[in-house]
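Below are some notes on the packing in this model, as numbered points.

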Amino acid sequence: MSVHSLTVVGGGNGAHVLAAVAGSRGFEVRLWAPIPEEAAALKKGVAQNGYVEAVSGENSFKAVPAIISAEPAEVIPGSGIIIFVLPAFAHKELLLQAVQYLDKGCILGAIPSRSGFEFMAKSILNDTVTIFGVQTLPWACRIKSYGRQVEILGTKNKVTASSSPASEAIKICVLLQELLGIEVIPAPNMLALTLGNVGQIIHPGIMYGLFYRWKGNPFSETEIPLFYQGVTEEIGLILTDISREIMDVKEAIEKEGISLEGVVSLNEWLLSSYENSIADTSTLKGCFNTNTSYRGLKAPVKKIGEDGYMPDFSSRYLTEDIPHGLVVTRALAQLTGIHTPVIDEVLGVTSGWMRKEYLVNGYLQGKDVPLTPIPQNYGINDIQGLIRAIV
Ligand code: NAI
């Protein structure tokens, strides 16, 4: 097993970029594309093109994967590092498929890991491998030609990562830096990634703000709201409240002696992540409305009828960021006794849209809770259990 032998798990935008970037930086790349049609299309694309390529402005990263397969048995054995780069709702099923093929001593993680990955992955992998997570995908990216070329629209200067056991974080960050070619900053533990997941604030919060008054009437194409530029003062206040409730949970956990350094308010995160692309930093509304990285992006909608549209409640902004984001934070609030009225309101409305049930009578006891990676689903029912779980 070589630590420079990487299995990329996924067949989407991020998987294309990671394969091309890591391969161009000297890693042996194997691709586990779990959907057989995608594995076949990737093989075909690479065979015809000669490589998979990620293009970023003038720069190009190319790699020739050593193996492409839909079968974990053909890809994973011998890999020193396995990275999941696909939506969080696919993580559990694929971890269950992968576990029997992992070499002892390998490291396995997710980019991005989303909230609760550590609890779920640990329960499936036990202590046989080191688990890690990177808080965000380093790239905004879209496939141009499947199996051949992906476009990198933007690259973050730095990302945060951590591991379980947490003592391995610095070593893993050094390896990830070599692999990704950007700065990777260690967080004290994976719980800091879980709570610091800003997607859980931004995506459900804006969806709620844009559509909680929607009465079910279709709207026309010209009426489709902008997503980030559609943030009003009212939505800015909702986002501020969600962020403040998360910071309350952070404070309660830190009082127990766990460091959650790096978990910051939404405002602080926006200013540090988009320092140079926001024109008006005076309010959250200004931060979203005048951020050039967010310009022109519309709310997710789907077509109904001839020329009518409705909000797309099956969007990943909800299906990923609620169960693998806000629900996990709500579970941590439950563990620490912190009240989260605004998160509860957003969860209530958005889960209704998705026909899911999480909060019932103020507790996470709805029928869909067992499918989420909350600590309570892994036997962690008090703060002491949480402390033991995150070392
Ligand atoms: P994607 O939409 O390209 O990924 C879809 C792919 O994931 C599918 O093509 C398939 O290969 C795999 N997949 C999905 N469900 C599966 C299942 N049930 N079983 C097996 N495979 C399954 O996703 P993308 O764009 O690569 O994003 C990956 C992650 O990065 C997501 O969490 C996304 O929210 C996040 N992200 C993506 C950004 C981007 O610009 N693409 C930007 C920031 C975050």
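1. The model is a predicted one. In helix α5, the buried residues are F117, E118, F119, M120, A121, I124 and L125. That makes 7 of the 9 residues in α5 (residues 117-125), so the helix is mostly covered, buried here meaning under 20% relative accessible area.

2. The cover over the buried residues of α5 includes the helices α4 (91-98), α7 (190-195), α13 and α15 (383-390), together with the strands β7 (107-110) and β8 (130-134). Directly after α5 comes N126, with a positive phi near 55 degrees.

3. The largest nonpolar core has 65 residues, and I253, L266, L270 and F288 touch the most other members. Helix α13 (residues 322-336) contributes the most to this core, namely 8 residues. A separate core of 43 residues includes V8, V17, A22 and L176.

4. What does F288 contact, once its neighbours within four places in sequence are left aside? Its partners are I202, I206, Y228, Q229, V231, L239, L266, L270 and Y294. Of these, L266 and L270 are also listed among the core residues that touch the most other members.

5. Helix α13 also packs against helix α14 (residues 341-354), at an angle of about 145 degrees and with the axes 11 Å apart. The crossing of the two is left-handed.

6. On the α13 side of this contact are I322, L326, V327, T329 and R330; on the α14 side are I343, D344, V346, L347, T350 and M354. By class, the contact residues comprise 7 nonpolar, 2 polar and 2 charged.

Terms used:
Residues numbered from 1 in each chain as written. Predicted model: local features only at pLDDT ≥ 70, side-chain atom pairs only at ≥ 80, totals over all residues. Heavy atoms only, no water. Core = buried A, V, L, I, M, F, W, Y, C linked by side-chain atoms within 4.5 Å. Buried < 20%, exposed > 50% of the residue type's maximum accessible area, 1.4 Å probe, protein only. Helix = DSSP H or I, 4+ residues; strand = E, 2+ residues; numbered from the N terminus. Contact = heavy atoms within 4.5 Å. Axes fitted to C-alpha atoms, helices over the stretch in contact; angles between N-to-C directions. Left-handed = near helix turned anticlockwise from the far one by under 90°. Nonpolar A, V, L, I, M, F, W, Y, C, P; charged D, E, K, R; others polar.
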